[in-house]
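This briefing gathers selected local features of one protein model, grouped by topic for reading beside the sequence and the coordinates. Please keep the structure open while going through the points.

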Amino acid sequence: MNSLFASTARGLEELLKSELEALGAESCQIVQGGVHYQGDDRLMYQSLMWSRLASRILLPLTECGVYSDLDLYLGVQAIDWPALFGSDKTFAVHFSGLNEVIRNSQYGALKVKDAIVDSFTRKNLPRPDVDREQPDIRVNVWLNKDTASIALDLSGDGLHQRGYRQQTGAAPLKETLAAAIVLRSGWQAGSPLVDPMCGSGTLLLEAAMIACDRAPGLHRNHWGFTGWNKFDAGLWQEVKTEAQVRARKGAKETTSRFFGYDNDSRVIESARANARRAGVADLIAFTAQDVLKLTNPLPEGPAGTVVSNPPYGERLESEPALIALHSQLGRIMKSQFGGWNLSLFSASPELLSCLQLRADRQFKAKNGPLDCVQKNYQLAANPSGGAVAQLADDYANRLRKNLKKLDKWARQEGIECYRIYDADLPDYNVAVDRYADWVIIQEYAPPKTVDATKARQRLFDVIAATLSVLELPANRLVLKTREKQKGTSQYQKMNEKGDFFEVREFDAKLWVNLTDYLDTGLFLDHRIARKMLGKMSAGKDFLNLFAYTGSASVHAGLGGARSTTTVDMSRTYLEWAERNLRLNGLTGRQHRLMQADCLSWLRDADEQFDLIFIDPPTFSNSKRMEESFDVQRDHLALMSDLKRLLRNNGTIMFSNNKRGFKMDLAGLAALGLEAREITDKTQSQDFARNRQIHNCWLLTHAGKE
């Protein structure tokens, strides 16, 4: 009897144990990452030929304590290597694990290699050569703490390399994992199987090979045991011949039918080529088709299984599309595949929840470094004709209600950008803004007391419900996470897409960009203030400080201002402001743009203006500013500088976003300025829930209006 070890991906050990026992393995014992088992030479060869789940099959040779590099060398040399393979064979060493004395795997491998070579030379035998690419013999050494386990790798290349796959899709599953997914899916050989997002076809190919009793090792050309002195070529040929006979018989007898779809025609061609090499091309119908156009290929039956590894995202910008995909996939499954089984393997359980289906079973497994879950669903044979329950039902209802009221108002006002939802419900702490045909969902960072998984699930629900209620294409929704910003973070660039598009605000046309920056180029809550500035500007010299993208300057220019001066520290935003002015025909020397620290510019300027708009940050400590700025602390000094620039009958509109801001009225009076708060007059109904989003004041010389 041989004592053997079959390694596998974590999470598949129990499945592998059952498979080995079915082959005839004895004394199976599960450990993390594999199964120890025993069997004669025939069983050993059969497990190599037939295991669909094992990554490698090893023949353990010995273990030794490693307290120095000499211990490792002597432990390896104690094995009679010339009895295992000849000098004419090449070999390679795979070494994994470190400890206090072996701190580098390459060094450990070198010590093992030296010990093997020296065991030949000590017997006056020629030394065997090393071949790292495709050796005749692979030696596997695993160092765990102070114990080294030394084994022959009977597999050669990993057993997932079946020999049929030459080209793959963007994120291929290993064949061993694909086989496990199929085995866990609930699919039974003889029944149909559909993969609506099949990529290079691995799930379908593994299932088809199971259905026609085709051994996974049948197409492999190179093995790790053929260079071993104990290799029994006759017995191996018997095992191989038996597998060939079973495959031919199985291909004739199977009644299973397989259907694969992918929206990339080139990937579908690769899948077809893989199927030909695997010998199962006649069983699988591959079609280039978008998953959202999926229909049941066997509407009259029999019922089967839908199995897939749908895409998932690691970037926020990809999530709206993926949430839409999963939501629509759930609807397709209910409407087209009643009575079927559905099994999906994913690294994102949250996305699977968007299916709006209840899983009957679930399994955990690793896909490389990723923690994944496989969920199995039984689709109702006769789905009710009633409406599907809406995810985040209370949020969806509120959004629908808001939209009905605000949509009509916005059209009447002549505005295309407005807030539809503003954290109306405590469980859905987001803002939803419409920009013409686009929508932004801004997620406010949840408190640390809220479970991160629950917060993320709620966000997924919000996105799915928003897409549904607004009947919005997923590629028209942008997701952003908002946190309190400090210093210059408002100028932080997020992407380089350059996706600018034009929107309308009353009589003004403005460029916005929803993807490249933290902000969009348009502060929606200042909309009415900008309109007021336009009405106040006729024939006046207008100054816009902390101007951002110059939208206030555009309104002033359209309102008939004699001149506009736009000042901001950011070159990026000044260039944006210039584009906004040009879009509205506001060009010429009377429309100036100045890049400067506004506070320094104010102190040094000696010009006069009739109308000044200033919307400073609540706090800033930018490196490009000479000193920090706090709007509560420093607003009086700011007004002193502004008064110097203000003509006798001029007006300052002062706005800021600090909650609880207190204007120093006594200090203003001492400066000779009068202040009148107009916050209520600058708030529009889409910000009715957030009365403190900004405060706004008009200031004039004392005794003058």
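Which side chain does the side chain of Gln442 join in a polar contact? The partner is Asp433, and the polar contact between the two side chains spans 3.0 Å. The model is a predicted one, and the values below are computed from it.

**Polar contacts and their surroundings**

- Gln442 has its place in strand S17, which covers residues 438–444, and because its relative accessible area of 9% falls under the 20% limit, Gln442 counts as buried.
- Asp264 lies in the loop between strand S9 (258–262) and helix H9 (265–278), and the side chain of Asp264 reaches the backbone nitrogen of Arg266 at 2.9 Å.
- With a relative accessible area of 24%, Asp264 is partly exposed, since that class takes in the values between 20% and 50%.
- Asp264 and Gln336 stand 72 residues apart along the chain, and a distance of 22 Å separates their C-alpha atoms.

**Backbone geometry**

- The peptide bond that joins Gly301 and Pro302 is cis, with an omega of about 0 degrees, and Pro302 is found in the loop between strand S10 (284–288) and strand S11 (305–308).
- Gln356, a residue other than glycine, has a positive phi near 60 degrees; Gln356 is found in the loop that runs between helix H11 (349–353) and strand S13 (361–367), and its relative accessibility of 24% makes it partly exposed.
- Ala423, likewise a residue other than glycine, has a positive phi near 50 degrees, and Ala423 is found in the loop between strand S15 (417–422) and strand S16 (430–435).

**Aromatic rings**

- The structure holds 24 aromatic pairs, and one of them is formed by Trp223 and Phe225, whose ring centres lie 5.5 Å apart and whose planes meet at 35 degrees, so this pair is tilted.
- The tilted class applies because the angle of 35 degrees falls between the limit of 30 degrees for stacked planes and the limit of 60 degrees for edge-to-face planes.
- Trp223 and Phe225 are both buried.
- One aromatic cluster is formed by Phe500, Tyr517, Phe523, Tyr548, Tyr573 and Trp576.

**Charges over rings**

- The charged end of Arg246 sits over the ring of Trp50, at a distance of 3.9 Å from the ring centre.
- Arg579 lies over the face of Trp511, and here the distance to the ring centre is 4.7 Å.

**Enclosed space**

- Rolling a probe the size of a water molecule over the atoms shows where empty space is left.
- The structure holds one cavity of 30 Å³ or more, and the space within the largest cavity comes to about 30 Å³.
- The residues that line the largest cavity are Leu48, Met49, Ser51, Leu159, Arg162, Pro216, Gly217 and Arg220.

Technical notes. Residues numbered from 1 in each chain as written. Predicted model: local features only at pLDDT ≥ 70, side-chain atom pairs only at ≥ 80, totals over all residues. Heavy atoms only, no water. Helix = DSSP H or I, 4+ residues; strand = E, 2+ residues; numbered from the N terminus. Buried < 20%, exposed > 50% of the residue type's maximum accessible area, 1.4 Å probe, protein only. Phe/Tyr/Trp six-rings, centres within 6.5 Å; stacked < 30°, edge-to-face > 60°. Lys NZ or Arg CZ within 6 Å of the ring centre and 35° of its normal. Polar contact = N/O pair within 3.5 Å; in protein donor to acceptor, adjacent residues only side chain to side chain. 1 Å grid on protein atoms, 1.4 Å probe; cavity = no way out; pocket = protein on both sides within 12 Å on 5 of 7 lines; lining within 4 Å. Points joined across faces, edges and corners; volume = space filled by probe spheres on them.
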